[in-house]
Amino acid sequence: MSSCAFSTSTLRETLPNHESVCKKTSEFKKNCISADVSHLKLTWRNSMTWKQTGSRLKCRALDVKNTDAFLKGRLFQLDDVIEAQQFDREILSAIFEVAREMETIEKKSRGNQILKGFLMATLFYEPSTRTRLSFESAMKRLGGEVLTTENAREFSSAAKGETLEDTIRTVEGYSDIIVMRHFESGAARRAAMTANIPVINAGDGPGQHPTQALLDVYTIEREIGKLDGIKVGLVGDLANGRTVRSLAYLLAKYNDVKIYFVSPEVVKMKDDIKDYLTSKGIKWEESADLMEVASKCDVVYQTRIQRERFGERADLYDEARGKYIVNRDVLSVMQKHAVVMHPLPRLDEITVEVDDDPRAAYFRQAKNGLFIRMALLKLLLLGW
């Protein structure tokens with residue numbers, strides 16, 4: 001959730017009005033504040049704000065609109081990165097500017113030490129290559145250190161029955177920031193409400209993957225040159241794909257965007273995303289014709305049919321896989337400026353013959369994840 005400042009002397013009096021304009025009223029009641037000030041999450045950054053102002057606490061309930069906050073030395077507006085809905089256009093643009101600075105650091109200053117003395121804990125309850133390694137690389141390239149668990153589901157105390165909350169309370173005593181991937185949707189929010197240090201959602205089951213969405217939008221801007229007025233085809237497992245869900249939320253921040261959903265019937269995009277896009281005035285359309293959609297789009301965003309999300313329903317997995325494949329035929333109808341993206345890993349949904357085409361952006365996309373994650377670590381730990 002976003003952060004805002006509140007005077008404790010007027011907290012109880014202001015609470016009803018604050019709640020009425022909050023974009024997440026249900027979450028506000030459950031996760032942010034009650035009439036009892038003790039329920040407020042106080043992080044060390046909030047404590048710093050308290051010391052600096054003498055009478056202000058940070059509440060993570062409202063979107064931030066004040067671009068004056070994007071000044072060097074100011075605290076970052078977010079305490080945690082949990083979901084794509086936290087970001088508005090101004091914050092996105094500011095994060096992307098920091099990411100471009102991180103590109104320069106990565107290329108020219110291998111010994112950067114701005115996060116020297118900070119420790120990042122990575123808790124991954126599901127397999128990961130790019131996300132975990134890019135976060136760890138990001139931290140180390142900025143001078144920080146890493147505590148890591150590659151398979152926390154089997155090789156941590158979770159295997160003994162320890163609750164997520166107890167794990168988080170323990171790990172925060174060893175580190176300054178936690179990056180977590182979990183198999184349950186909503187687990188990242190639970191972790192954030194437990195921890196007194198920043199928590200970054202690195203994917204929570206079929207829920208969201210906000211840092212992937214950030215790097216995806218960053219990549220689109222770098223590749224296409226704009227975000228307003230684009231057409232994006234989301235292809236593959238749209239029901240279980242946390243990456244496409246998060247990306248849809250971020251694309252809704254931009255003007256005159258149109259999204260095409262192309263997927264097998266058993267993994268169609270869920271209604272909550274469609275309803276959200278409609279509420280934001282974003283045009284969307286479902287199609288069964290990948291060739292037609294590819295000919296119209298600036299971005300073809302292909303995803304893997306996720307076998308692990310089908311459980312024992314192997315029949316449904318077999319029904320879904322292999323139906324939509326990006327190959328040379330698809331490339332032949334795409335516009336010259338358009339790109340193919342994929343959150344990776346891929347199986348057979350993009351053929352290797354596509355890799356040599358300059359419109360194949362997925363490995364550049366993966367590299368951009370390093371810059372976005374460097375930016376987020378810097379912002380959450382040091383501010384602007």
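Reader: What makes Leu344 count as buried?

Author: In this predicted model, Leu344 has a relative accessibility of 14%. Buried means under 20% relative accessible area, so Leu344 counts as buried.

Reader: Where does Leu344 lie, and what is its phi?

Author: Leu344 belongs to the loop between β11 and α15. Its phi is positive, about 60 degrees, although Leu344 is not a glycine.

Reader: How do you know that the peptide bond from Leu344 to Pro345 is cis or trans?

Author: Omega of the bond from Leu344 to Pro345 is near 5 degrees, and the bond is cis. Pro345 is placed in the loop between β11 (339-341) and α15.

Reader: Why are α4 and α15 called roughly perpendicular to each other?

Author: Helix α4 (residues 89-108) and helix α15 (residues 362-382) pack at an angle of about 110 degrees. Angles of 65 to 115 degrees count as roughly perpendicular, and the two helices therefore receive that description. Their axes are 8 Å apart, and the crossing of α4 and α15 is right-handed.

Reader: Which residues meet where α4 packs on α15?

Author: From α4, the residues are Ile95, Phe96, Val98, Ala99, Met102, Glu103, Ile105 and Glu106. In α15 they meet Lys367, Leu370, Phe371, Ile372, Met374, Ala375, Leu376 and Leu379. The residues of this contact divide into 13 nonpolar, no polar and three charged.

Reader: How do you know that the span of helix α9 agrees with its number of residues?

Author: Helix α9 (residues 210-224) has 15 residues, which at 1.5 Å a residue should span 21 Å. The expected span is 1.5 Å times one less than the number of residues. The end C-alpha atoms of α9 are 21 Å apart, so the span agrees.

Reader: What makes α9 mostly covered?

Author: Of the 15 residues of α9, 12 are buried, the cut-off for that term being under 20% relative accessible area. The buried residues include Pro210, Thr211, Gln212, Ala213, Leu214, Leu215, Asp216 and Val217. Also among them are Tyr218, Thr219, Ile220 and Ile224.

Key. Residues numbered from 1 in each chain as written. Predicted model: local features only at pLDDT ≥ 70, side-chain atom pairs only at ≥ 80, totals over all residues. Heavy atoms only, no water. Axes fitted to C-alpha atoms, helices over the stretch in contact; angles between N-to-C directions. Helix = DSSP H or I, 4+ residues; strand = E, 2+ residues; numbered from the N terminus. Parallel < 35°, antiparallel > 145°, perpendicular 65-115°, else oblique. Left-handed = near helix turned anticlockwise from the far one by under 90°. Contact = heavy atoms within 4.5 Å. Nonpolar A, V, L, I, M, F, W, Y, C, P; charged D, E, K, R; others polar. Buried < 20%, exposed > 50% of the residue type's maximum accessible area, 1.4 Å probe, protein only.
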